[in-house]
Each structure stands twice: as structure tokens, then as C-alpha cells.
Amino acid sequence: MTSEEIERAAQLLVEGGLVAVPTETVYGLGAWALDPVAVARIFTVKGRPAGHPLIVHLGSGGELDRWAAEVPESAARLAAAFWPGPLTLVLSRHPRVPSVVTGGRPTVGLRVPAHPVALALLAALDRLRPGDAAIAAPSANRFGRVSPTTAAHVRADLDDDVDMVLDGGPCAVGVESTIVDLTGERPEVLRLGGLEIEDLARVLGEMPVVASAPDGDASAGARAPGMLASHYAPRAQLLLVEPAGDVAARVAAAVARGADGGRRVAVLAPEAVLDLPDDAIELEPAGPPEDYARVLYDRLRQADRLRVDVLIVVLPPRGGLGDTVRDRLRRAATRTSP
Ligand code: TXA
Ligand code: MG
């Protein structure tokens with residue numbers, strides 16, 4: 001990544017182009033947030049319904065009051081503690097934020113990404129448009145599909161529909177940001193993500209309400225439009241297995257069921273599963289929750305590349321990033337249509 005590339009990307013943004021940007025969570029499909037026409041193109045390229053708001057990425061927490069109409073004390077505290085980082089704050093929208101960005105809502109999602117390339121791009125944009133540097137960016141995948149965690153994933157999904165892809169290597173966190181809504185009586189987590197709820201609670205001094213409980217009703221997450229039950233889905237059918245008990249026996253039974261139907265079966269687990277049947281494909285183990293989160297989307301894409309029909313997934317244990325991984329896997333396993 002050269003500084004010329006960053007400058008060219010910033011120039012593209014002010015000219016209305018779309019640039020894929022690496023962040024620590026997943027790659028984003030970015031447009032200059034103050035260009036409603038470019039932002040509208042994001043929705044077209046992604047095939048995303050217009051009501052689904054985009055996250056606005058900023059260069060620093062000090063810019064919050066330029067993009068939010070009101071900055072509650074809790075927002076300043078969370079920003080100081082976790083930005084740059086995998087946390088999105090939903091605040092009341094500043095009137096300068098185009099309504100196409102927020103899906104017509106009175107609120108705006110804001111975050112400062114912890115990735116040197118994203119921050120360099122925001123700094124370059126700020127040199128071209130002082131005080132106005134903000135990038136509206138959803139994950140750089142087609143609607144409903146698995147978020148990209150490498151530049152190659154972005155290219156595979158979006159081809160020529162993106163004007164430039166900045167390659168910042170594989171994402172370190174690997175799952176999307178945690179979203180907290182601070183516009184209500186109590187902080188409410190709208191999406192589990194890369195920042196652990198336990199860390200949030202420590203800084204907030206209270207346990208936030210969680211709209212989308214990891215093992216609860218997936219539709220409860222509909223407060224953040226786009227958090228549909230069926231989301232983050234690979235083509236393979238997913239069978240989820242709890243890590244408790246005799247994992248090997250349960251996996252073997254699930255493999256036998258899948259293989260009975262003449263289907264191609266693969267297994268993804270935190271650790272190697274002993275005594276797998278020969279006809280099952282074993283994906284490289286995902287490791288403990290933090291590693292699991294980092295490699296999850298790549299493994300789901302790998303299953304599709306291997307033309308797997310049934311992917312048996314041993315879940316990570318509950319708690320911390322384990323809850324986020326479980327949330328995404330539950331959504332990936334949910335089909336609204338066959
Ligand atoms: O880690 C991330 O958050 C990545 C990177 C690129 O920053 N972005 C991402 O964007 O995951 P996207 O568009 O795929 O998901 C954004 C989620 C959606 O579920 C959307 O509904 C929610 O954030 N959201 C954004 N603004 C909101 C708002 N004002 N109120 C409620 N939900 C909001
Ligand atoms: Mg997304």
C-alpha cells in the first residue's frame with residue numbers, strides 16, 4: 001500500500017467513486033458520506049434495501065459532534081475507551097448527514113476503525129475536504145452474503161462494481177463491529193460484534209440491554225435493519241453442534257446423515273475432531289474464540305469453494321467473542337427459503 005494509492009482513493013471518493021476499504025473488522029464498501037449520489041450507488045451495488053442504514057467511519061472520536069446532533073456522556077466515554085476499534089455508536093443524526101446514509105432515520109451509526117489504511121484514507125480525505133472527512137461504508141459483500149475479510153473476498157464478490165480495492169491484508173478481528181444504541185433510556189446492543197459485551201459493560205458501569213441475544217430469537221435484532229435472521233449465509237447448509245458432550249460422536253452422526261443423502265460433508269470445529277469418517281472434509285480448525293472470529297468468514301467461503309453441501313460446525317463456547325461467533329453461525333444456519 002503506497003501513499004499514492006491512498007491519495008488516489010481519496011480523490012476517487014470526492015469524485016463520487018466507491019472504494020473498498022480494509023478495517024480491523026471486515027472490508028467496507030466506502031463512499032464519501034456527504035455525497036448522496038455515491039452513497040445511493042452503494043445500495044445498488046450491494047443489492048441492499050434502501051431502509052438499511054450505513055455506518056459512517058470517522059478519523060477520530062474528536063469529530064463526533066460534527067456528525068451527531070447530541071453526544072451523551074456515555075458516548076464520549078465509550079469512544080475514549082474503544083476507538084479506534086470494533087464499536088459502532090448509534091446517536092442522533094446531525095442534520096448534515098444525508099438521509100440516504102441513515103435510511104431516513106433520525107439516528108446515525110458512527111465508528112472509528114482501527115486499521116492504518118482506513119485511517120490513512122480518512123486523513124487523506126480530510127486534506128481534500130477539511131472537516132468533512134467521513135466514509136459511509138457497509139461490509140463490501142452482496143446483500144445477505146458473508147462479509148469479506150480479505151481483498152480477494154471483495155474482488156470475488158463485487159468484481160468491477162467497485163472503483164478501487166485497497167488491500168490491507170486479512171482483517172485482524174474478522175467479524176463486524178458491536179453496535180450500541182445510545183439514544184434510548186439505557187444503552188442497547190443492536191448487534192454483537194468484535195467488541196465483547198463484557199468490556200462494554202465495564203466502561204458503561206452497567207450491563208447493556210442486548211436486542212439480539214446470541215441464542216435467542218434472531219428476529220429480535222430487527223432494530224438494526226439488516227440484522228435479519230437469515231444473513232451471513234454461505235451456500236452450504238449448516239448444522240450446528242454444541243461443544244459439550246461427545247463432540248466426535250455427534251459429528252460422526254451428523255456426517256453419516258449428510259453423507260447418506262449423497263451430500264458432500266465438511267466439518268469446522270475449534271479443534272481437530274478425532275475419528276472423523278473418511279468421506280468428511282475437515283476444514284482447518286478455527287481455534288479459540290478470538291481466532292474463530294478471525295477465520296470464520298473465510299472458512300464459510302472455503303466450504304462454498306469446495307462445493308460442500310452440508311457444513312457441520314462445532315460452536316465455540318459461550319461468552320465474549322464466542323457469543324458473536326455463535327450469533328453469526330446461527331444466522332448463517334437460518335434459511336428463509338430453501
Ligand atoms: O464492522 C463493521 O461494522 C463493518 C465495517 C465495514 O465497519 N460494517 C458493517 O456494515 O458491518 P453493515 O452495513 O454491513 O452493517 C451495519 C449495521 C446494519 O445492520 C445497520 O442496520 C446498522 O449497522 N446500523 C447502521 N446505522 C444504524 C442506525 N442509525 N440505527 C440502527 N442501526 C444502524
Ligand atoms: Mg453487512
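The model is predicted, so to speak: local features need pLDDT of at least 70, side-chain atom pairs count only at pLDDT 80 or more, and totals for chains, interfaces and linings use all residues. Residues are numbered from 1 along each chain as its sequence is written.

**Exercise 1.** Find which element gives the most to the lining of the second largest pocket.

*Solution.* Start with the term: a pocket is an open set of points on a 1 Å grid over the protein atoms alone, where a 1.4 Å probe fits, with protein on both sides within 12 Å along at least five of seven lines; lining residues have an atom within 4 Å of a point.
Next, the volume is about 340 Å³.
Of its 17 lining residues, R145, R235, R301, D304 and R305 are the closest to the centre.
Helices here are DSSP runs of H or I, at least four residues, and strands are runs of E, at least two.

**Exercise 2.** Work out which strands sit at the edges of the open ten-stranded sheet.

*Solution.* Write down the order, 7-1-2-6-3-5-4-8-9-10, with mixed pairing; strands pair if DSSP finds at least two bridges between them.
Then pick strand 7 (164-165) and strand 10 (209-210), as each pairs on one side only.
For a look inside, strand 1 (residues 19-21) and strand 2 (residues 28-32) run antiparallel, joined by three bridges. A20 has L29 of strand 2 as its bridge partner.

Methods: Chains lettered and ligands numbered in written order. Heavy atoms only, no water. Points joined across faces, edges and corners; volume = space filled by probe spheres on them.
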